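Please keep the sequence and the structure in view while reading.

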Amino acid sequence: MSGAVFLAFARKALAAAEMVEIETFDPNGRSLGLSRLEKIVKTDAEWRAQLSPLAFDVTRKDGTERAFTGPNWDNHADGLYRCVCCDTALFDSKTKFESGTGWPSFFAPISKANVVESADMSFGMRRVAVSCKRCDAHLGHVFTDGPKPTGLRYCMNGVALRFVGRGQA
């Protein structure tokens, strides 16, 4: 086994043993409480096999889809938005609003326990990146120009989210 392959395997094994606490939800969006689950860690090859090229670029390489081109930006159906990588519930359509930006926008995640916010200084800007807590998928950014009650705008990449109609599995 080459050194690089061994290092990648060791890193995956170490990370896979890590546990995270997320809030789980039933198909109707009702909380089932906090659960300790194993963090999902895969190699780039494994993610590439699971995801479309654009979803891989966005979720695994911090990319962005072009405005008004991704799925879900104009979806008005009732349901939940789950991580395209690991199926963790991230947003409820009840918090979705029309931001006019061309990306799905929400004023709050379904649970703060399911997302991670971190500083993003790329492209000479100061932003707050949002990622899935269970698998580290890059989802988008959060801004402070949203509507009440939070004043926040979670501007997400539609390709990072999988919409599931309320009550559906």
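The paragraphs below go from the annotated domain to its cysteines, strands, helices and a pocket.

**Basis of the description**

This is a predicted model, in which local features need pLDDT of at least 70, side-chain atom pairs count only at pLDDT 80 or more, and totals for chains, interfaces and linings use all residues. Residues are numbered from 1 along each chain as its sequence is written, and side-chain values use heavy atoms, with hydrogens and water left out.

**The annotated domain**

An unreviewed UniProt entry places the feature "domain: MsrB" at residues 44–166. UniProt positions are given in the numbering used here, with shortened feature names, and annotations may be inferred rather than shown by experiment. Helices (H or I, at least four residues) and strands (E, at least two) are DSSP runs numbered from the N terminus.

**The active-site cysteine and its strands**

The unreviewed UniProt entry lists Cys 155 under "active site". Cys 155 belongs to strand E10, residues 153–156. Is Cys 155 buried or exposed? Cys 155 is buried, because its relative accessible area is 9%; buried means under 20% relative accessible area, exposed over 50%, and partly exposed in between, with a 1.4 Å probe and protein chains only.

E10 pairs with E9 in the antiparallel sense over 4 bridges; two strands pair if DSSP finds at least two bridges between them. In this pairing His 141 stands opposite Cys 155. E9 also pairs with E8, again antiparallel and over 4 bridges, and here His 141 is the bridge partner of Ala 129. E9 is largely enclosed by the rest of the structure, because 5 of its 6 residues are buried. The hairpin of E8 and E9 has 5 residues between the strands, and Asp 136 there takes a positive phi near 65°.

Under "binding site", the unreviewed UniProt entry lists Cys 83, Cys 86, Cys 132 and Cys 135. They are spread over 53 residues of sequence but cluster in space, with a largest C-alpha distance of 8.8 Å. Cys 83 lies in strand E3, while Cys 135 lies in the loop between E8 and E9. Leaving aside residues up to four places away in sequence, Cys 83 touches Cys 132 and Cys 135, as well as others including Leu 90. With the corresponding neighbours set aside, the contacts of Cys 135 include Trp 47, Arg 60 and Cys 86.

The table gives the accessibility of selected residues.

| Residue | Relative accessibility and class |
|---|---|
| Cys 83 | 1%, buried |
| Cys 135 | 1%, buried |
| Asp 26 | 13%, buried |
| Arg 48 | 52%, exposed |

Strands of a sheet pair through backbone hydrogen bonds, either parallel or antiparallel. An open sheet of 3 strands has the order E4-E3-E11, with antiparallel pairing. Its edge strands are E4 (89–92) and E11 (161–165), each of which pairs on one side only. E3 (residues 79–83) is joined to E4 by 3 bridges, and Leu 80 stands opposite Asp 92 in E4. Leu 80 is also touched by Asp 26, as are Leu 32 and Arg 82. Asp 26 is found in the loop between strand E1 (19–25) and strand E2 (31–38).

**Helices H2 and H3**

Helix H3 spans residues 53–61, and Ala 55, Phe 56, Val 58, Thr 59 and Arg 60 in it are buried. These buried residues pack against helix H2 (44–50) and E9. H2 contains Arg 48; the C-alpha atoms of Arg 48 and Arg 60, 12 residues apart along the chain, are separated by 9.2 Å. After H3 comes Asp 62, whose phi is positive, near 60°.

**The second largest pocket**

Which residues lie nearest the centre of the second largest pocket? Of its 13 lining residues, these are Asp 62, Asp 120, Ala 129, His 138 and His 141. Strands E7 (115–120), E8 (127–132) and E9 (138–143) each supply at least two residues of the lining. On a 1 Å grid over the protein atoms alone, a pocket is an open set of points where a 1.4 Å probe fits, with protein on both sides within 12 Å along at least five of seven lines, and lining residues have an atom within 4 Å of a point.

Conventions: Contact = heavy atoms within 4.5 Å.
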